Amino acid sequence: MRSRSLTAPTGVVYQSSGPIIPVGFAQMTLPLFGLAIYLFCVHSFKLPIASVGIIIGVIGVLMHPKGLSFPAPLLFMMAFLGWSALASTQSPYSGVVGPALIDYLKMLLIFFVAINCSKTISQLGVLIGLWVLMFGLYPARGTYFNFLSGIGTFGRYGWNFSFANYNDLAAYAILALSLSAFLLAGRF
């Protein structure tokens, strides 16, 4: 990649490597919008429309069938789900297996939309930015308020719903921090 210099009015020269990738809401596609709705719902628990967001995402992805991609992790998950569905017909616990298969099918659809909605580096930047924003607005902010209010158990602080488990919240926070570091280190 070519490097170009940016000259400030004072005569100081700054070097930047590679082109600056435009990131903004111009990269917001229908699948990315559906995934943003889903991310808002699962982080804030404000609206029960996460399924609607994923349906919008699936419709948006299927509107462009030439651009569909099925990488190996998605194919492995599809094979696992197919094998599980086939084996569930012989299971004596089909009452338990059926709802679990539906949950895995939902995860497969979310994974499918997430893979196919971020085709360009700009769309990936928007997706990561939205994810970090949602995490910062809801579970992180709620945990800080609980910390300041002294609402905790044995010195450990959480938020509510799925973020009430302190260990899970820490794992989510590590993921959000690593995504933030990726955004800051990249050319977004």
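Author: In this predicted model, the structure holds three aromatic pairs. One of them joins F80 and Y104, whose ring centres are 5.6 Å apart; the planes meet at 80°, so the pair is edge-to-face, the cut-off for that class being over 60 degrees. F80 belongs to helix 3 (residues 72-88) and Y104 to helix 4 (residues 94-117), so the contact ties together parts that are 24 residues apart in sequence.

The accessibility of each partner may be considered next. F80 has 44% relative accessibility and therefore counts as partly exposed. Y104, at 35% relative accessibility, also counts as partly exposed, because that class lies between the buried limit of under 20% and the exposed limit of over 50%.

Helix 4, which carries Y104, also takes part in the largest pocket, where it gives the largest share of the lining, seven residues. The space in this pocket comes to about 580 Å³. Its lining is made up of 21 residues, and those nearest the centre are Y38, L39, V42, I110 and W131. Besides helix 4, at least two lining residues each are supplied by helix 1 (30-44), helix 5 (121-149) and helix 6 (166-185). In terms of residue class, the lining of the largest pocket comprises 17 nonpolar, two polar and two charged residues.

Notes. Residues are numbered from 1 along each chain as its sequence is written. This is a predicted model: local features need pLDDT of at least 70, side-chain atom pairs count only at pLDDT 80 or more; totals for chains, interfaces and linings use all residues. Side-chain values use heavy atoms; hydrogens and water are left out. Rings of Phe, Tyr and Trp (its six-membered ring) pair if their centres lie within 6.5 Å; planes under 30 degrees apart count as stacked, over 60 as edge-to-face and the rest as tilted. Helices (H or I, at least four residues) and strands (E, at least two) are DSSP runs, numbered from the N terminus. Buried means under 20% relative accessible area, exposed over 50%, partly exposed in between (1.4 Å probe, protein chains only). On a 1 Å grid over the protein atoms alone, a cavity is a set of points where a 1.4 Å probe fits but cannot get out, and a pocket is an open set with protein on both sides within 12 Å along at least five of seven lines; lining residues have an atom within 4 Å of a point. Grid points are joined across faces, edges and corners, and a volume is the space filled by probe spheres set on the points. Ala, Val, Leu, Ile, Met, Phe, Trp, Tyr, Cys and Pro count as nonpolar, Asp, Glu, Lys and Arg as charged, and the others, Gly among them, as polar.
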